[in-house]
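Here are my notes on the model, point by point. Please read them with the structure open.

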Amino acid sequence: MFRLPIGVAALCLAASSFAAAPFDDKFRQLDELLPTPGTIRTASGAPGHAYWQQRADYTIRTTLDEAKRALSGAGTVTYHNNSPDTLKYLWVQLDQNIYKTDSDARQSAILPSREAWANGTQTTGLKYDALRTVLEGRTFPGGFDILAVKDAGGRPLPYTINKTMMRIDLPQPLKPGAKVTFGIDWRYNINEQKVLGGRAGYEKFDDKNDLFEIAQWFPRMAAYYDVYGWQHKQFLGSGEFTLEFGDYDVRITVPGDHIVASTGELQNPGEVLTAAQRDRLRQAKTAKKPVIIVTQAEAEAAERVRSTAMKTWHFKAKNVRDFAFASSRKFIWDAQAIKSGKQDVLAMSYYPKEGNPLWEKYSTQAIIHTIEQYNKYSFDYPYPTAISVNGPVGGMEYPMISFNGPRPSKDKKTGELTYSQRTKYGLIGVIIHEVGHNYFPMIVNSDERQWTWMDEGLNSFVQFLAQEAWEANWPGGRGDPRAITTYMKSTNQVPIMTNSESVLQFGNNAYAKPATALNVLRETVLGRELFDFAFKEYAERWKFKRPTPADFFRTMEDASGTDLDWFWRGWFYTTDAVDVSVDGITEYTVSSKDPEVEKAMARARRAAEPVSITDQRNKGMPRRVDAHPELKDFYNENDEFTVTNKDRNKFAETTADLEDWEKALLKEGKHLTLVDFSNVGGLVTPLIVELTLKNGQKTIERIPAEVWRYSPTKITKLFVTDEPIVGLTQDPNWETADVDVSNNSWPRKATPSRLELFKTERDPNNLMRDFNSKLKTKDAQGTPAPETAPTPAE
């Protein structure tokens, strides 16, 4: 501890605030990275008065051929050109063409590393499964057969197919404000999802029945917007879909014993449901708990006898950006009503008996919970239905309908269906996530082909909040800062602001890291009140519109009244990590100059020092002055700490010129502690410092990130306390995603660990599952079948 003269204290602190390292301005504005605002997208992040977006309305007739596992259809598209541009041609997405052997996705597919491949076996595990996927992908006759493209009068329109995109050349340029109607006839073979993966497909059961989850099933208008023009990037699998809003009128013809779950509202229940089922559906509209519409007994009866008749289910959906459906005779169906603002919503679940008892207990309840929670943080769910379907797809979302995979498994001893804790929470979590996608991006319509994090990351963040509201101690989840640290310090990563198809560690980059960033922004940087207001403002501004990253960043700053450019730069544009080290600590007290006080303290300090080894061993030794007392004088009777009149007079002269506040500070006896911090990870962060005082009291001081603005690598911070500081911890609650907490404390704390004297090997079956999840499915929002769900560190 040092005694610091009061006139020197401020000078010392100011000088220590500047480090000698080269200056790197972490707080410079994002002007060089963000697009220039204008009348379409304003500097505040809101849509401008000149904002526009296109529209596409669809009328479709489609037939499911169960025996051939094929789908055919004819559709009419009315395309509205609301842009200020004249369009000579239109681009259409042919996403099923990803299954053609010449697609960029197939041609650019890569195998796992040589080491991972070597860990498989020839008959089971990685090698067999990977080869099966690759070889069957090469032989599967997938992709659209485009049978006709014609204008409203039935005349052929010229078109060119470029793998997963199709250009339609218009006979007359489409001027601003005009619309054009054209038709397309098509067919394609439905893939077996468990083999070829993807976001849709069929599942075959041991009872010889199939379950179909149908998506990306019709040629869909590509997006055209002010920032990008035509979004015609090839569909490679990771970057999802960027679509236009419109109204849908769809008739789906399926085997007569099938039950269909679909985007939209059913228009003809009298033609496809029994009287009992229609009555149950009416009851569900006012029910306080789920009502079974199609019972398990009815579904099992349908499984045993296959109908040869066909039925057409008619659905309509307003102002949606896509349309999907599922069909099977195996479906059990339950429903319950929920109020969302002024909108009456039917929450509904469809699942085979293999999904029980898990699905009947949790699915519809999870849908309702999702709507309640997401409404709090964004806007009222606007659609009349919200559906969760159990099938082969691990997790995928579409307007009003989602596909979710987790199921119970058979107990090896009893043969009964049962589920683990991981399966239970995996199901609830994936339903929250996929139903939550109705908000982001099905309504807040970001460009998924370009920026995965804008839908997956934002949605994973709100999913985290919703899971916290389900029950206390929810087992893990993306958004907790402590769960992202392994990824944040890895070298195998790219910035969040990376195109979807170039992202490494897809789940961590596009889901977990942005969700964590927003959680840190909410809890640590802005606080809940400012953050929640700004986030809700973003959702309200951009619902049924197409925001870009700049619109999100600017809205959050505009509505919170906070300059966050440092935050976006660090978390979204770099791979820097939070790693703050407590490097040194020096304690001072303000010197009172009062000799009565200062010399008494000096005497006490001397007394507290250890006795030298020489003095210890000389204790009791005969001394001359003891034998000759006449040799003693004043200095033998008094020590150097004795206060003299000269000391008292000097003190009176010194304090005479002090100001009142300086005199008050002298009397208070405050303890001043200078703490040296270094920013090892490069990502600037607020400091959350827990101080432990000598009297046992603990306090937390929160220091904004701007403390780093003049010196982003090293700073010294002054703490003023009534008692001496005996302990100090930076980020005591692990709220900043600090990747190394071993350097966060003074005194340093030992890091507990356990040494295991067991040889561990990587299980080839785990490798197989890891590879399958990457090759076959989208990153199921971090929730593929929960028994094989990756940990956040993966």
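1. Start with Ile146. Its bridge partner in strand S8 is Trp186. Strand S5 (residues 145-151) is joined to S8 by six bridges, and the two run antiparallel. Two strands count as paired if DSSP finds at least two bridges between them. Helices (H or I, at least four residues) and strands (E, at least two) are DSSP runs, numbered from the N terminus.

2. A word on the source. This is a predicted model, in which local features need pLDDT of at least 70 and side-chain atom pairs count only at pLDDT 80 or more, while totals for chains, interfaces and linings use all residues. Residues are numbered from 1 along each chain as its sequence is written, and side-chain values use heavy atoms, with hydrogens and water left out.

3. S8 also pairs with strand S3. Eleven bridges link S3 (residues 70-80) and S8 (residues 179-189), in the antiparallel sense. Ala74 has Asp185 as its bridge partner in S8.

4. Now a sheet. Four strands make an open sheet in the order S6-S7-S4-S11, with antiparallel pairing. Strand S6 (159-162) and strand S11 (220-221) are the edge strands, each pairing on one side only. S6 is joined to strand S7 (residues 165-174) by four bridges, and these two run antiparallel. Within S7, Arg167 is the bridge partner of Thr160.

5. The chain overall. It has 23 helices and 33 strands. Of its 794 residues, 53% are buried. Buried means under 20% relative accessible area, exposed means over 50%, and partly exposed lies in between (1.4 Å probe, protein chains only). Among contacts in the chain with a separation of 6 or more, 76% are between residues 24 or more positions apart. Contact here means heavy atoms within 4.5 Å.

6. Which residues have the most contacts inside the largest nonpolar core? They are Trp217 and Phe552, in a core of 181 residues. Such a core is a set of buried Ala, Val, Leu, Ile, Met, Phe, Trp, Tyr and Cys residues joined through side-chain atoms within 4.5 Å. Helix H9 (residues 358-377) gives the most to this core, with nine residues. Leaving aside neighbours within four places in sequence, Phe552 is in contact with Trp453, Met454, Leu458, Leu518, Phe535, Tyr538 and Trp568. In soluble globular proteins, nonpolar side chains tend to be buried together.

7. H9 also holds Asn375. Is Asn375 buried or exposed? Asn375 is buried, because its relative accessible area is 12%. Its side chain and that of Ser340 are joined by a polar contact of 3.0 Å. A polar contact is a pair of N or O atoms within 3.5 Å; within protein, one must be able to donate a hydrogen and the other to accept it, and residues adjacent in sequence count only if both atoms are side-chain atoms. Not counting residues up to four places away in sequence, Asn375 touches Ser340, Asp380, Tyr381, Tyr439 and Lys536.

8. Another asparagine, Asn509, lies in helix H13 (residues 506-526). With a relative accessible area of 1%, Asn509 is buried. Asn509 and Ile496 are 13 residues apart in sequence, and 5.9 Å apart in space, C-alpha to C-alpha. Not counting residues up to four places away in sequence, Asn509 touches Tyr487, Val494, Pro495, Ile496, Val503, Leu504 and Pro514.

9. Check Ser711. It sits in the loop between strand S30 (698-703) and strand S31 (714-721). Ser711 counts as buried because its relative accessibility is 3%. The Ser711 side chain reaches the backbone oxygen of Lys714 at 2.5 Å.

10. Helix H17 (residues 595-608) has 14 residues. At 1.5 Å a residue, H17 should span 20 Å; its end C-alpha atoms are 19 Å apart, which agrees. The expected span is 1.5 Å times one less than the number of residues. H17 has a buried side. Pro595, Glu598 and Ala602 are buried in H17. They cover an arc of only 80° around the axis, so they lie on the same side of H17. The arc is that of the directions from the helix axis to the C-beta atoms. The face turned away from the buried side of H17 carries the exposed residues Ala607 and Ala608.

11. Last, helix H10 (residues 421-436). Its 16 residues should span 22 Å at 1.5 Å a residue, and its end C-alpha atoms are 22 Å apart, which agrees. H10 is mostly covered, with 14 of its 16 residues buried.
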